[in-house]
Amino acid sequence: MYGKQTETAIAALACLAEAYDGGKTRLSAAHIAKKRMLQPPSVAKSLTTLSQAKLVQGIPGPGGGYWLAKHPSEITLYDAFVLFER
């Protein structure tokens, strides 16, 4: 169906969508990985790609983290799929 990296990206997007509040709440890659029972390096890699595609935004360091760059209703599974599936 989907590759592992695509599944990880979709899980990360879903986790960020659950916490969506316009960017006030920021989640770390480690938090997302723990919540979705995923490997932190895989989540971090997915979030980097999602950030480059402007689906998520992030700030490094203490108090940083990731959030959706737009409302969850504006992001589709296809948005993630095309980034990770060839």
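**Helix α1 and its surroundings**

The axes of α1 and helix α4 (residues 77–84) come within 9 Å of each other and cross at roughly 145 degrees. Axes here are lines fitted to C-alpha atoms, for helices over the stretch in contact, and angles run from 0 to 180 degrees between N-to-C directions. Helices (H or I, at least four residues) and strands (E, at least two) are DSSP runs, numbered from the N terminus. The model is a predicted one, in which local features need pLDDT of at least 70 and side-chain atom pairs count only at pLDDT 80 or more, while totals for chains, interfaces and linings use all residues. Residues are numbered from 1 along each chain as its sequence is written, and side-chain values use heavy atoms, with hydrogens and water left out.

The crossing of α1 with α4 is right-handed. A crossing is called left-handed if the near helix is turned anticlockwise from the far one by less than a right angle, and right-handed if clockwise. On the α1 side, Gln5, Thr6, Ala9, Ile10 and Leu13 meet Leu77, Ala80, Phe81 and Phe84 of α4, where contact means heavy atoms within 4.5 Å. By class, the residues of this contact are seven nonpolar, two polar and no charged. For this division Ala, Val, Leu, Ile, Met, Phe, Trp, Tyr, Cys and Pro count as nonpolar, Asp, Glu, Lys and Arg as charged, and the others, Gly among them, as polar. An α-helix has 3.6 residues a turn, so residues three or four places apart point the same way.

The length of α1 can be checked against its residue count. With 15 residues at 1.5 Å a residue, α1 should span 21 Å, and its end C-alpha atoms are 21 Å apart, which agrees. The expected span is 1.5 Å times one less than the number of residues in the helix. The buried residues of α1 are Thr6, Thr8, Ala9, Ile10, Ala11, Ala12, Leu13, Cys15 and Leu16. Buried means under 20% relative accessible area, exposed over 50%, and partly exposed in between (1.4 Å probe, protein chains only). These buried residues of α1 pack against α2, α3, β1, β2 (65–68) and α4.

Thr6, in helix α1, is buried at 0% relative accessibility. Leaving aside neighbours within four places in sequence, Thr6 is in contact with Phe81, Phe84 and Glu85. Ser46 lies in helix α3 and is likewise buried, with a relative accessible area of 0%. Not counting residues up to four places away in sequence, Ser46 touches Gln5, Thr8, Ala9 and Phe84.

What links Glu18, Lys35 and Arg36? The three are joined in a network of salt bridges. A salt bridge is a side-chain nitrogen of Lys or Arg within 4 Å of a carboxyl oxygen of Asp or Glu, and by this rule the count comes to two. In one of them, the side chains of Glu18 and Lys35 meet at 3.9 Å, N to O. Glu18 lies in helix α1 (residues 4–18) and Lys35 in helix α2 (residues 29–36), so this pair ties together parts that are 17 residues apart in sequence. The side chains of Arg36 and Glu18 also form a salt bridge, at 2.9 Å, N to O. Arg36 is in helix α2 and Glu18 in helix α1, so here the parts tied together are 18 residues apart in sequence. Glu18 is exposed, with a relative accessible area of 52%. Lys35 is partly exposed at 47%, and Arg36 is partly exposed at 26%.

The loops on either side of α3 come next. Most residues other than glycine have a negative phi, and most peptide bonds are trans. Met37, found in the loop between α2 and α3, has a positive phi of about 55 degrees although it is not a glycine. Met37 is exposed, at 76% relative accessibility. Lys54, in the loop between α3 and β1, has a positive phi of about 65 degrees and is not a glycine either. The relative accessible area of Lys54 is 63%, so Lys54 is exposed. Ala53 lies in the loop between α3 (40–52) and β1 (56–59) and is partly exposed at 31% relative accessibility. Ala53 and Pro41 are twelve residues apart in sequence and 19 Å apart in space, C-alpha to C-alpha.
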